[in-house]
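My entries follow the order in which I consulted it.

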Amino acid sequence: MKKLWFVTGLCALFMLSGCCSKKKGQPDVVMGFAKVPLTADLSQLTANEKQMLAHLCDAAEIMNDLFWLEAYGPDKDAFLAGIQDDTLRRFAEINYGPWERLNDNKPFIEGVGEKPAGAGFYPTDMTKEEFEALEDENKTSGYTVLRRDENGQLVVKFYHEAFAEQIEKAATLLEQAAELCDHEGFKNYLNLRAKALRTDDYFESDMAWMDVKGYKFDFVVGPIENYEDALFGYKNAHESFLLIKDEDWSAKLTKFAALLPDLQKALPVEDQYKRETPGLESDMNVYDAVLYRGDCNAGSKTIAINLPNDERVHIQKGTRKLQLKNAMKAKFDRIMMPIADVVMNPEQKAQVEFNAFFENVTFHEVAHGMGIKNTINGKGTVRQALKESYATIEEAKADIMGLYLVDRLHEMGELNEGEVEKNYITFFAGIFRSVRFGAASAHGKANMLCFNYMADHGVFTRSAEGLYTVDVAKMKEAVASLLGEILKIQGEGDYDKLVAWIAEKSVVKAELQADLERIAGADIPKDIYYEQGKSVLGL
C-alpha cells in the first residue's frame, strides 16, 4: 500500500461535520461511536480460570493483528503514528483503517484513495481476469491469500503459511488455555481449534464446538466471516469473541425450545402454512461479551452470533445461536432510548424498556427457525421460490413472528417479567433505530414493510410535533394479520406478489423521513465502540 501523508488540522482532516478533538484520554463519543467498557465480575473465578481467560485474550489479540493485515495492510503502526489527532486516530482504530465502514467505506482522511475491494487478501493491482486465469484450486478457498512471487506471478498461500508466526503463537495459547480448563468439551474444542489454525481445516473443531454444552465460557476464534472480501466474497477474516454465559436466560431459552412445536401450531394461519415442525436441536444461549477482536470489532458491533458457517456442520448438527446481552444493553441505552425521546409520546416512551427489547430480539432469532421452509405447491424451498426478495420477507417474518411469540408466551405464563404492552411499544420504537440510515438493506426494507402495514391499519397516530402514540390493541391485530399474510406468501412462493409489495411498501415516506432527519439532528450515536482487554478485565 502506498505511503499516506497526513495533515494535523482537524478542519482539513475531518470529512464529517460536527466533530471535535480531545487531546487527553479517549472521548466518550468518537465521531458518532459511543464508548462502552466491556467489564465483568471475575472475582469468583479460580486462578486457573483467570489464567485460561488471559491466554484466550492473548490469542484474540493475535486475531486482531491478523485482521489489521487483512483490512488495511502491513503498515498499521506507521499509519496510526502518522495521525496526530487523538480523536481521529481512535476513529481509525474503530474502522481498522482510513475508510468509514458505516459510510460506504468512504475515506475520512485527505489523500487516501478508495478502499481496495479485495482488502488485503489479494494484490491491489490484481485484475479479475488475472485471477480467473490462475490455475490453482485453492485460490477460492476461504483460508488463503494471493500474493506475488519474485517474478510478479500470482501465488496462493494458506493462512497458516502466510501468517505462520502469528498462527503458531495463537495455537500455542489455545493449547495452554486447554491445559487449564476443567470442562472436557471446551478443552477438546480448544485443542482442535489449535490444530485447525495450523492446518486451515476447521470442520473437526466446528463439530466439537457444537458439542460444548453447559460451560460458563465460550470463545469464538479464527477466520470466520467473508464480508471484508468485497471483490469475490471468498476470503474469511480473522476475529474473536470471549463470552461469559448468562445462566438464567440460557436456561429459559432451553425451556422455550421445548414449546416450539406447540407455538408453531398456534401461528395465525391455515394449517397448510404451518405443517412443518421446527427442530428442537437448536442451541441458543445468552452471554455477556468481554472481548471483541478483529473483524467483529470493526465498525458496527454485532449483538448476536449464529455459527458455524460450514453447511456440512449445519446438516449434521445445526448451528449455535448466541445472544450478546450486554452488547444489546449498550445499544439500547446509548442509541435506542435517545431515539425514543425524539419520536415517542412521553407516556409511552416510559414503556420502552430493555427487557422488552431483549425479548423481542431474542425471539426474532427463534422465529427464523419457525414458519414454513418449503412451498406448498411444488415450487421448491421458500428461499428458491422468492429469489433475491427472500431475505427481506424472512426478516419481516422474524420481526413480526418474534413479537407474536412473546405475546403467546406471556399468555401461557412462560414470560412473566413486565407487561406485554411494553414489548409492542418497544418494538415500534425500535423501527426508528433500524431505519435511521435508510431502508436499502433487507433488514431496512423489512422494517418499512412492517411500519407501513401498521400505518395502513391505524396502529399509531402522529402528533403535529412528530410524536407517535401506539394503539396496542390494534397493533396486536395487525401483527397477527401481517404474520398470516407473510406465511402465505412464503408458503405459496408467490414471487410476483412479494416483489410488488416490496416495491410499494418498503419505502420511507416524506413524513417519516422528516422524523428521521430530526433524529439525525439530535446527535445520537451511530453505534458503539469498546474499551476492552485484559487490563479492563483485571487479568
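**Basis.** I worked from a predicted model, in which local features need pLDDT of at least 70 and side-chain atom pairs count only at pLDDT 80 or more, while totals for chains, interfaces and linings use all residues. Residues are numbered from 1 along each chain as its sequence is written, and side-chain values use heavy atoms, with hydrogens and water left out. Helices (H or I, at least four residues) and strands (E, at least two) are DSSP runs, numbered from the N terminus.

Buried here means under 20% relative accessible area, exposed over 50%, and partly exposed in between, with a 1.4 Å probe and protein chains only. This core has 176 residues, and Leu56, Phe186, Phe219, Phe428 and Met475 have the most contacts inside it. Helix H2 (residues 47-71) supplies the largest share, twelve residues. I then checked contacts (heavy atoms within 4.5 Å). Leu56 touches Leu174, Ala177, Phe186, Leu190, Phe219 and Leu242, leaving aside residues up to four places away in sequence.

**Helix H18.** Twelve of the 15 residues are buried, among them Tyr424, Phe427 and Phe428.

**H15 against H18.** I fitted axes as lines to C-alpha atoms, for helices over the stretch in contact, with angles from 0 to 180 degrees between N-to-C directions. The axes of H15 (residues 354-368) and H18 come within 9 Å and cross at roughly 75 degrees. H15 is therefore roughly perpendicular to H18. At this meeting, Ala356, Phe357, Glu359 and Asn360 of H15 face contacts from H18 that include Lys422, Asn423 and Arg433.

**Helix H21.** I noted that Leu498, Trp501, Ile502 and Lys505 are buried in H21 (residues 495-505). They cover an arc of only 95 degrees around the axis, which puts them on the same side of H21; the arc is that of the directions from the helix axis to the C-beta atoms. The face turned away from this buried side carries the exposed residues Asp496, Ala503 and Glu504. The buried residues of H21 pack against helices H16, H17, H19 and H20.

**Helix H9.** Six of the eight residues of H9 (residues 203-210) are buried, so H9 is largely enclosed by the rest of the structure. Its cover includes helix H8 and strand E7.

How values were computed. Core = buried A, V, L, I, M, F, W, Y, C linked by side-chain atoms within 4.5 Å. Parallel < 35°, antiparallel > 145°, perpendicular 65-115°, else oblique.
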